[in-house]
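I opened the notebook to keep a record of what I looked up in this structure, entry by entry. Please keep the sequence and the model open alongside.

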Protein chains: 4
Amino acid sequence: DKPMVVFGGMNVLESRDLALRIAEHYVTVTEKLNIPYVFKASFDKANRSSLTSFRGPGLDEGLKILEEIKKTFNVPLITDIHEPHQAAAAAEVCDIIQLPAFLSRQTDLVKAMAETGAVINIKKAQFLAPHEMKHILHKCEEAGNDRLILCERGTAFGYNNLVVDMLGFSIMKEFGYPIMFDATHALQVPGGRSDSAGGRRGLAAQLARAGISQGIAGLFLEAHPNPAEAKCDGPCALPLDKLEPYLAQLKAVDELVKSFAPLQTD
Amino acid sequence: DKPMVVFGGMNVLESRDLALRIAEHYVTVTEKLNIPYVFKASFDKANRSSLTSFRGPGLDEGLKILEEIKKTFNVPLITDIHEPHQAAAAAEVCDIIQLPAFLSRQTDLVKAMAETGAVINIKKAQFLAPHEMKHILHKCEEAGNDRLILCERGTAFGYNNLVVDMLGFSIMKEFGYPIMFDATHALQVPGGRSDSAGGRRGLAAQLARAGISQGIAGLFLEAHPNPAEAKCDGPCALPLDKLEPYLAQLKAVDELVKSFAPLQTD
Amino acid sequence: DKPMVVFGGMNVLESRDLALRIAEHYVTVTEKLNIPYVFKASFDKANRSSLTSFRGPGLDEGLKILEEIKKTFNVPLITDIHEPHQAAAAAEVCDIIQLPAFLSRQTDLVKAMAETGAVINIKKAQFLAPHEMKHILHKCEEAGNDRLILCERGTAFGYNNLVVDMLGFSIMKEFGYPIMFDATHALQVPGGRSDSAGGRRGLAAQLARAGISQGIAGLFLEAHPNPAEAKCDGPCALPLDKLEPYLAQLKAVDELVKSFAPLQTD
Amino acid sequence: DKPMVVFGGMNVLESRDLALRIAEHYVTVTEKLNIPYVFKASFDKANRSSLTSFRGPGLDEGLKILEEIKKTFNVPLITDIHEPHQAAAAAEVCDIIQLPAFLSRQTDLVKAMAETGAVINIKKAQFLAPHEMKHILHKCEEAGNDRLILCERGTAFGYNNLVVDMLGFSIMKEFGYPIMFDATHALQVPGGRSDSAGGRRGLAAQLARAGISQGIAGLFLEAHPNPAEAKCDGPCALPLDKLEPYLAQLKAVDELVKSFAPLQTD
């Protein structure tokens with residue numbers, strides 16, 4: 001029941017300059033609001049819809065940019081990896097490494113990540129039930145790592161749609177690990193545009209509020225100064241200039257629900 | 001953005017005495033918390049899983065009990081009907097009549113209800129998308145009634161499960177009518193017990209919180225002094241003795257989210 | 001493992017003349033193909049999307065047309081009803097009365113239908129799992145009627161889509177009653193057009209084939225001489241001039257799969 | 001409209017001896033039935049539920065066994081890979097390499113596979129709509145490979161269930177590539193057992209029949225002499241001694257539906 005943290009940043013590292021600019025804004029806002037903060041960005045988007053989609057700077061160049069952000073702003077980092085061989089390098093620079101949702105069942109990747117000793121943020125696959133996440137936690141524990149976080153990001157609901165099952169947060173809390181909510185990817189409309197996912201960023205505040213009302217560890221989000229021009233997942237990205245009121249509202253919801261006495265209704 | 005109202009009561013009118021006892025508790029709690037309140041109970045459960053399931057006292061006897069509750073406690077009433085011929089009688093006693101979810105597409109029922117002039121609470125069918133509710137609103141308007149309320153109660157998600165899509169609240173708000181959340185039926189596990197629906201009442205507060213975080217008109221709920229012995233939908237019912245802390249928490253969430261300045265993220 | 005029967009006809013009784021013309025074509029084709037045949041048409045579409053949608057001639061006029069068809073072509077009849085009071089009249093004229101999918105949980109309707117002694121065709125609701133249909137069968141049996149048929153017509157799959165779960169046929173066969181497949185309504189795209197359901201009639205033969213491959217009692221279908229102008233569910237209707245090759249193919253599939261020796265793979 | 005082919009074999013290479021024994025049986029049966037045949041087995045199960053689940057002999061040892069099977073029985077081979085670096089080695093031994101469903105969006109893997117020039121069998125992800133598969137086909141084409149096959153294996157339907165949407169076969173046929181049906185994995189009940197997927201092998205023949213009734217390129221299946229003791233996916237595996245009647249039935253369905261004249265119903 002500690003105050004919520006924010007894993008926030010941008011989707012893919014479009015450029016060093018943009019990354020620094022976005023990080024700076026997050027740092028300013030989260031300091032002002034007194035919210036513990038971790039900067040998030042991807043060095044590679046490894047599962048875009050098209051071969052010619054923008055993927056990012058790659059591991060080496062990407063980690064360099066992330067390291068510069070860490071030094072400049074003195075913030076912890078999170079990034080996602082896609083192959084076992086990337087785990088060690090990513091964990092050297094980043095405090096938290098992230099297991100992507102589609103890959104969350106890949107044993108070698110899970111094992112390589114666990115063995116770094118870094119904190120692991122496990123994205124819940126769109127095809128898994130909340131109670132099934134225990135198997136992935138278990139894999140990490142068996143590999144000797146119990147510094148684990150589970151992150152909800154929506155469940156496949158028919159074709160080309162995601163739904164966030166609010167009951168899932170309570171089910172996953174039972175595992176004893178912190179639960180985060182990726183409140184911007186959960187806005188995706190998979191396959192919603194001719195060659196990439198669509199999104200519903202106009203509902204960003206509403207959906208985040210519902211998740212944070214569940215009394216969870218924190219919020220994962222991506223923002224962009226100009227979502228319409230973002231190189232990946234712009235349709236889901238929060239406009240960067242709305243970050244402060246967005247987080248201020250969510251912090252208020254978080255504080256309120258964490259002030260409630262436990263209410264047993266069974 | 002008025003404070004939330006509560007349509008609350010019991011599932012089926014098990015007996016006059018129990019109904020009076022439950023109504024009294026709701027009245028006491030909602031007065032203490034200063035929450036506008038409407039008493040809800042059904043005179044007939046017309047779609048139980050089994051022919052021998054308890055159905056209730058029927059229209060005449062049921063309306064008599066409801067009338068007594070109205071007089072005793074000076075509260076408005078809501079009840080659900082299932083056939084066109086019941087509309088007029090129900091509307092004479094009740095302030096709001098409710099269109100059941102499974103029946104929400106039945107034109108004759110919708111028309112008969114609309115023509116009473118009573119306020120209509122339209123339960124969203126488990127098989128309809130939020131944006132499809134406009135057709136049912138439209139049917140009522142064409143029949144000359146625009147005193148309408150939409151009520152979310154969960155969507156079919158695979159077999160034997162419901163999910164509440166939080167994005168649906170915002171989509172339905174666009175229609176311009178008040179949106180309620182039936183936060184206890186949405187806990188159902190359809191077909192979850194050998195001869196009736198199961199439920200997840202242990203998550204009653206969590207799910208209601210998520211819905212109320214969306215800034216909606218109010219909450220619909222059912223409670224029972226002994227859910228394990230309730231004659232219908234006990235697995236979803238809030239234990240009556242938890243009503244006060246449950247509503248106090250939700251009122252706080254409602255007040256908080258309605259205090260927020262609008263946040264445009266499109 | 002008797003040869004498949006066909007419950008076939010039109011959606012709503014648009015006019016006496018069209019009904020006779022369509023019935024004649026079905027009779028000619030099914031006689032030629034030696035397929036046991038029951039004529040189907042609705043006297044009222046009681047759950048259209050809009051109040052102004054065409055509904056049909058109503059009970060009295062509709063039963064008159066159906067009776068004329070029965071006399072003219074010497075075929076058994078099936079029609080669907082929507083309220084308990086219609087059961088007796090419909091059962092006097094029709095050999096089979098049909099319980100609509102959305103209404104399949106309404107106890108009074110089920111009971112009234114069961115008590116006529118007529119054969120009942122139970123449409124599986126879009127929100128029920130195959131194994132849950134046992135409750136509805138049970139209600140009929142308790143009401144003294146075991147002349148029952150179950151009819152698959154697709155399951156809600158996300159918003160605005162239906163899917164037919166082929167495993168459901170085998171699960172429902174275990175109940176010991178004949179299983180039919182409504183192969184044209186299962187093509188619906190609910191809410192797919194601005195004010196009514198869309199459909200995928202271009203896939204009519206493919207979907208029917210899959211269902212008939214399961215070795216079931218028969219096929220339910222609707223056809224129209226000009227689907228684009230049909231007053232209801234045209235997007236799902238088979239073009240009437242394709243009836244003969246369509247049924248010839250399905251009869252061949254049915255005969256083939258029913259010639260197979262049982263194959264236990266458990 | 002060529003006769004159906006079979007990609008058949010076992011889940012994971014449990015041992016050299018078992019692989020040879022299973023391959024021999026497939027070869028005998030498919031020769032007898034005159035069905036074009038490709039042997040399938042995995043050298044590594046890279047996404048088991050648990051870290052301690054059996055995974056197989058690994059790439060080097062696995063390819064050795066596969067090569068021996070190829071030489072012994074003179075059959076083409078298919079195997080699945082999980083990381084880009086495995087593509088070249090697998091393609092040297094196998095005629096077809098398979099892209100796993102969960103990994104079907106991973107660009108580097110798709111690209112590495114495409115660049116081998118081998119035929120690629122693309123498993124449709126449980127979280128993708130049929131029409132979205134065009135993006136994956138496109139990625140392969142852009143990487144210079146158009147020797148592609150799409151393979152249906154079921155879609156996520158609520159929690160812990162898969163459904164096969166028969167309409168998807170027709171939608172995917174429009175892409176112009178051969179469509180296969182993985183009729184045993186589609187029987188999975190994801191998360192259905194405490195530490196692994198359950199399955200419905202008792203319905204193996206029924207589900208395969210529905211898929212083959214769609215007039216597709218062929219069937220993908222896994223069998224085991226003792227499914228209850230299989231080291232992976234036994235709950236879905238066909239008992240090996242049922243292979244001949246199972247394939248004989250499906251071949252008859254395939255021949256029948258491919259003999260039909262095209263039937264335009266749009």
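**Entry 1: chain D against chain A**

I noted at the start that this is a predicted model. My first question was how much area chain D and chain A bury between them. I found about 3,500 Å², of which 51% lies on carbon and sulfur atoms. I then looked up the residues involved, and the contact takes 37 residues from chain D and 37 residues from chain A.

Across this interface the rule finds 2 salt bridges. I wrote down one of them, in which Arg55(A) pairs with Asp108(D) and the closest N and O atoms are 2.7 Å apart. I also recorded 16 residue pairs in polar contact between chain D and chain A, counting pairs with both residues at pLDDT 80 or more. On the chain D side, α4 (107-115), α5 (133-142), β7 (155-156) and β10 (188-193) each supply at least two of the residues that touch chain A. Sorted by class, that side of chain D has 13 nonpolar, 12 polar and 12 charged residues.

Next I checked how the two chains are related, and a rotation of 180° with 0.0 Å of shift along its axis superposes chain D on chain A, with an RMSD of 0.0 Å. The two copies are therefore related as by a two-fold rotation axis. The same surface serves both copies, since 100% of the contact residues of chain D recur in chain A.

**Entry 2: chain D against chain B**

I turned to the contact of chain D with chain B, which takes 4 residues from chain D and 4 residues from chain B. The two chains bury about 360 Å² between them, 76% of it on carbon and sulfur atoms.

The side of chain D that touches chain B has 2 nonpolar, 2 polar and no charged residues.

I superposed this pair as well, and a rotation of 180° with 0.0 Å of shift along its axis brings chain D onto chain B, with an RMSD of 0.0 Å. In chain D, the C-alpha nearest the axis belongs to Gly158(D), at 1.8 Å from it. Here too I noted that the same surface serves both copies, with 100% of the contact residues of chain D recurring in chain B.

**Entry 3: helix α4 of chain A**

I then looked at helix α4 (residues 107-115) of chain A, where Thr107(A), Leu109(A), Val110(A), Ala112(A), Met113(A) and Ala114(A) are buried. I reminded myself that an α-helix has 3.6 residues a turn, so residues three or four places apart point the same way. The buried residues of α4(A) pack against α3 (87-93), β4 (96-99), β5 (119-123) and α5 (133-142) of chain A. After α4(A) comes Gly117(A), whose phi is positive, near 80°.

I found Asn11(D) in strand β1 (residues 5-12) of chain D. Is Asn11(D) buried or exposed? Asn11(D) counts as buried because its relative accessibility is 6%. Its side chain makes a polar contact of 3.3 Å with that of Lys45(D) and another of 3.2 Å with that of Asp233(D). Leaving aside neighbours within four places in sequence, Asn11(D) is also in contact with other residues, including His185(D), Glu222(D) and Cys232(D).

I followed Asp233(D) to the loop between β12 (218-224) and β13 (238-239) of chain D. Most residues other than glycine have a negative phi. Asp233(D), however, has a positive phi of about 60° although it is not a glycine. With 13% relative accessibility, Asp233(D) counts as buried.

**Entry 4: Gln214(D)**

My last entry concerns Gln214(D), in the loop between α7 (204-212) and β12 of chain D. Gln214(D) counts as buried because its relative accessibility is 1%. Leaving aside neighbours within four places in sequence, its contacts include Gln206(C), Arg209(C) and Ala210(C) of chain C, and Met166(D) and Phe169(D) of chain D.

Terms used
Residues numbered from 1 in each chain as written. Chains lettered and ligands numbered in written order. Predicted model: local features only at pLDDT ≥ 70, side-chain atom pairs only at ≥ 80, totals over all residues. Heavy atoms only, no water. Buried < 20%, exposed > 50% of the residue type's maximum accessible area, 1.4 Å probe, protein only. Helix = DSSP H or I, 4+ residues; strand = E, 2+ residues; numbered from the N terminus. Contact = heavy atoms within 4.5 Å. Least-squares fit on C-alpha atoms with pLDDT ≥ 70 in both. Buried area = accessible area lost by both parts, 1.4 Å probe. Nonpolar A, V, L, I, M, F, W, Y, C, P; charged D, E, K, R; others polar. Polar contact = N/O pair within 3.5 Å; in protein donor to acceptor, adjacent residues only side chain to side chain. Salt bridge = Lys/Arg side-chain N within 4 Å of Asp/Glu carboxyl O.
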